[in-house]
Amino acid sequence: MDDDGAERRAAIERIKNRRGFVPHVIAYVAVNSLLVTAWWLSGGGYFWPVWIIGGWGIGLVMHAWSAFFERPIREADIQRELDRGRATD
């Protein structure tokens with residue numbers, strides 16, 4: 001039962017992570033649109049919003065990776081790592 005409970009909790013966390021991605025994208029687009037608009041209304045010049053867009057974009061890509069591409073840790077992964085550790089001892 002404990003393994004089922006742990007798997008269930010891990011699945012719930014993955015679902016929450018995926019569901020949290022869409023609000024993250026919406027906030028990213030909304031805030032950065034406002035920053036670009038502020039830059040444009042202030043006369044343009046040096047495009048300073050690039051620093052926020054780029055920095056936050058890195059975080060957004062990392063969130064996408066963990067939400068959609070990162071594999072969950074399985075028992076076989078743990079066993080393989082344990083075996084690898086025993087082989088080096």
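Residues are numbered from 1 along each chain as its sequence is written, and side-chain values use heavy atoms, with hydrogens and water left out. Because the model is predicted, local features need pLDDT of at least 70 and side-chain atom pairs count only at pLDDT 80 or more, while totals for chains, interfaces and linings use all residues.

**Exercise 1. Salt bridges in helix α3**

Task: How many salt bridges are there, and how is each pair placed in helix α3?

Solution. 

Step 1. Side chains of opposite charge can pair when their charged atoms come close. The criterion for a salt bridge is a side-chain nitrogen of Lys or Arg within 4 Å of a carboxyl oxygen of Asp or Glu. The count by this rule is three.

Step 2. Asp-77 and Arg-80 form a salt bridge with an N to O distance of 2.5 Å. They are three residues apart in helix α3 (residues 75–88), so about one helical turn separates them. Asp-77 is buried at a relative accessible area of 19%, whereas Arg-80 is partly exposed at 45%.

Step 3. Glu-81 and Arg-84 form a salt bridge, their closest N and O atoms lying 3.0 Å apart. Both are in helix α3, and the spacing of three residues puts them about one helical turn apart. Glu-81 is partly exposed at 45% relative accessibility, and Arg-84 is partly exposed at 47%.

Step 4. Asp-83 and Arg-86 meet in a salt bridge at 3.2 Å, N to O. This pair also lies in helix α3, three residues or about one turn apart. Arg-86 counts as exposed because its relative accessibility is 52%; Asp-83, at 40%, counts as partly exposed.

**Exercise 2. Charged patches on the surface**

Task: Which residues make up the positive patch and the negative patch, and which elements do they come from?

Solution. 

Step 1. Patches are made of residues with over 30% relative accessible area and no salt bridge; like charges are joined within 9 Å, and nonpolar side chains (Val, Leu, Ile, Met, Phe, Trp, Tyr) within 5 Å. Lys and Arg count as positive and Asp and Glu as negative, with His and the chain ends not counted. A charge is placed at NZ of Lys, CZ of Arg, CG of Asp or CD of Glu.

Step 2. The positive patch consists of Arg-14, Arg-18, Arg-71 and Arg-74. Arg-14 lies in helix α1 and is partly exposed at 30% relative accessibility. Arg-71 lies in the loop between α2 and α3 and is exposed at 60%. Arg-14 and Arg-71 are 57 residues apart in sequence, yet their C-alpha atoms are 10.0 Å apart.

Step 3. The negative patch gathers Asp-3, Asp-4, Glu-7 and Glu-75. Helix α1 supplies its largest share, three residues; Asp-4 is in this helix.

**Exercise 3. A nonpolar patch**

Task: Which residues form the nonpolar surface patch, and what is their accessible area together?

Solution. 

Step 1. The patch is formed by Tyr-46, Phe-47, Trp-48, Val-50, Trp-51 and Ile-52.

Step 2. Together these residues have about 620 Å² of accessible area. Accessible areas come from the Shrake-Rupley method with a 1.4 Å probe, and for residues only the protein chains shown count as cover.

Step 3. One of the members, Trp-51, lies in helix α2 and counts as exposed at 62% relative accessibility.

Definitions and conventions. Helix = DSSP H or I, 4+ residues; strand = E, 2+ residues; numbered from the N terminus. Buried < 20%, exposed > 50% of the residue type's maximum accessible area, 1.4 Å probe, protein only.
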